[in-house]
Amino acid sequence: MSRILLLIDPSPARETVTEALRRAEQTPVDAPDGWKDDAWLVERVAEAEPDVVVLDAEQGLDLALRRCRKLMNARATCFVPAVVVLPDAPDPELVTRVFNAGARDLLWLGEPLDLLGARIDNMARLNYLRRTFRRQNDALAARTAELDQVFETATTGLAIADETGHVIRLNATGRAILGDHASPSDLYQLTREDSTRLEDRKHPLRRAVTCGEASSARRYLLPADDGDRVIVLEAVPLEAPGGRLTGGLAVFRDDTETWALESSLRDNARDLARRTDEMEAFVYTAAHDMKSPLWMIRRYAETILEDDAGLAEESRRFLGRVEINAERLGNLVEDLVQVVKVGKLELHLDACDLGAVMRAVLSELDGQIQEAGATVVVADDLPTVFADFDRLLDVFGNLVSNAVKYRRPDVPCRIEIGQLADQRRGHIFVRDNGIGVHDDHHKRIFQLFHRLHTRDQIEGSGLGLAIVTRIVQRHGGRVWVESSPGEGSTFHVHLPLQSEPPT
Ligand code: ADP
């Protein structure tokens, strides 16, 4: 609400003015104490933040005009209109003096009260509007300054285009990205990542400005003297409050280093894949070629031993060793061939009843299970998964065989196969009460050749779990172990329930 400040001592004139203002539904306020002292006048009036100051000439016109002049000359009060109230109708010379003193209006007490009140009230309202407008303007200027600072110091490049697409502002990061000698319009020199020139109308900033279309962040090339720079840029339209397009904002950053890193990583990955392929092909061929000489060594050793043609005891022992080691080597070669094959094999995916898989596995391992005196309990609610039946035989064959192999000598071996509830995938476990695996090895036992025992302790190649992992991963699943030494192990396997694309 507007505020009217009376710089008038209690007097009939003051009562008249107060009554006139009451009629205009205004209640004037008194100036804070001390206003009469010239030294304090400006300060007291400024404190009261009035929209109009009313002075009267009852104590002498000169005094009133001096005060008026003082207020009009001070920075803090010069915008507050002053009204001088005169006891009688003024003559032209008086009018001139009053206005020369800076008063905005003058009134005399003989005027109709309604008119008197309305004139002061109007002036107060007008100034109130002006004051409010000025306050809002100051707030707006402060916010604009803040936004300017945010714009200028942002760590991403920012560019503003006007409604014609002309880039009118670029922040410091933007200038740094475009380079010292670049002009803002160089932002339109982008080409697509494959180096084809970006048609002008397809430039994200142009689309934002002309069609009001926002674009998502994409990589572009920006030609530069020292080689193309890679820029990630997105653009959004800028709209006035009514929705009218006023321009566009481009947000961009220099991605050259990341891009270079990625492409060198891609090259390395390609190189690695090629070398792995070569290595696997080599292992496969070498292992394959070793099969028949190994078979022959075994056969010869067996035949000589069977012949029993007066062999010395020591020679029989050596030949026995040859036979055993040739067999071990043969198994290792078989496993190696399988590891390589698993990565290349075409999977025959179909609905596989895991109950049937387990029956086949147990029948295959029957001899080993009997020999170990192991008990195997298979849950009767195993799920049907979407997988390659033969490969599942490899997976669960390895897991069950390990469960038997790594049993504790002093505890009857017990193996449990079941499922855990999971809506999204098959979750099968193979649990044993064997020797268990220490935490440190939970991940490593799935790597190639990682064994925790020597061959003399427990026979094995260290490839079984690596084969299991590869098969499960090719089905888009996961395998892991929970185990503690002396407490047995639980191997968990995730397999897809639906026809999901294998990885
Ligand atoms: P291998 O059995 O031929 O050594 P694997 O890859 O099948 O190779 O297993 C790797 C290692 O993981 C084994 O040498 C063994 O130390 C450990 N391991 C695997 N299964 C079990 C299990 N059920 N209980 C305890 N240790 C196990």
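How many nonpolar, polar and charged residues does the lining of the largest cavity have, by class? The answer is six nonpolar, two polar and four charged residues. Keep in mind during the tour that this is a predicted model.

**Stop 1: the cavity**

Select L7, I8, D9, W35, K36, L55, D56, Q59, G60, L63, A64 and R67; these residues line the largest cavity. The space inside amounts to about 80 Å³. The structure holds one cavity of 30 Å³ or more. The largest share, three residues, comes from α3. Rolling a probe the size of a water molecule over the atoms shows where empty space is left.

**Stop 2**

Keep D9 and K36 selected, as both are among the residues that line the cavity. K36 and D9 form a salt bridge, and their closest N and O atoms are 2.7 Å apart. The two residues sit in distant parts of the chain: K36 belongs to the loop between β2 (29-30) and α2 (38-48), while D9 belongs to the loop between β1 (4-7) and α1 (12-23), 27 residues apart. K36 is partly exposed, with a relative accessible area of 41%. D9 also counts as partly exposed, at 21% relative accessibility.

**Stop 3**

Now select E262 and R219. Their side chains meet in a salt bridge, at 3.0 Å from N to O. E262 lies in helix α8 (residues 256-307) and R219 in strand β9 (residues 215-222), so this pair ties together parts that are 43 residues apart in sequence. Buried or exposed: how does R219 count? R219 has 19% relative accessibility and counts as buried, because buried means under 20%. E262, at 29%, counts as partly exposed.

Move along to D267 and R270, whose side chains meet in a salt bridge of 2.8 Å, N to O. Both residues lie in helix α8, three residues apart, which is about one turn of the helix. An α-helix has 3.6 residues a turn, so residues three or four places apart point the same way. D267 is partly exposed, with a relative accessible area of 41%, and R270 is exposed, with 54%.

For a network, select E19, R22, R23 and D114, which are joined by salt bridges that share partners. In total, the structure holds 33 salt bridges.

**Stop 4: the nonpolar cores**

Select L354, L392, F396, L399 and I417. These are the residues with the most contacts inside the largest nonpolar core, which has 42 residues. Helix α12 supplies the largest share of this core, seven residues. Apart from it lies another core of 26 residues, including L7, A31, L61 and L71.

Return to L399 and show its surroundings. Leaving aside neighbours within four places in sequence, L399 is in contact with V430, L465, V468, F491 and V493.

**Stop 5: helix α13**

Select helix α13 (residues 464-474), which is mostly covered, with eight of its 11 residues buried. Which residues of α13 are buried? They are G464, L465, A466, I467, V468, T469, I471 and V472. What covers them includes α9 (313-344), α12 (389-405), β17 (478-483) and β18 (489-496). Then select G476, which follows α13 and has a positive phi, near 80°.

**Stop 6: the largest pocket**

Finish with D335, N398, S401, N402 and K405. Of the 50 residues that line the largest pocket, these lie nearest its centre. About 1,300 Å³ of space lies in this pocket.

Colour α9, α10 (354-364), α12, α13 and β18, as each supplies at least two residues of the lining. Which element gives the largest share of the lining? That is α9, with 11 residues. By class, the lining of the largest pocket has 20 nonpolar, 16 polar and 14 charged residues.

Notes:
Residues are numbered from 1 along each chain as its sequence is written. This is a predicted model: local features need pLDDT of at least 70, side-chain atom pairs count only at pLDDT 80 or more; totals for chains, interfaces and linings use all residues. Side-chain values use heavy atoms; hydrogens and water are left out. Buried means under 20% relative accessible area, exposed over 50%, partly exposed in between (1.4 Å probe, protein chains only). Helices (H or I, at least four residues) and strands (E, at least two) are DSSP runs, numbered from the N terminus. Contact means heavy atoms within 4.5 Å. On a 1 Å grid over the protein atoms alone, a cavity is a set of points where a 1.4 Å probe fits but cannot get out, and a pocket is an open set with protein on both sides within 12 Å along at least five of seven lines; lining residues have an atom within 4 Å of a point. Grid points are joined across faces, edges and corners, and a volume is the space filled by probe spheres set on the points. Ala, Val, Leu, Ile, Met, Phe, Trp, Tyr, Cys and Pro count as nonpolar, Asp, Glu, Lys and Arg as charged, and the others, Gly among them, as polar. A nonpolar core is a set of buried Ala, Val, Leu, Ile, Met, Phe, Trp, Tyr and Cys residues joined through side-chain atoms within 4.5 Å. A salt bridge is a side-chain nitrogen of Lys or Arg within 4 Å of a carboxyl oxygen of Asp or Glu.
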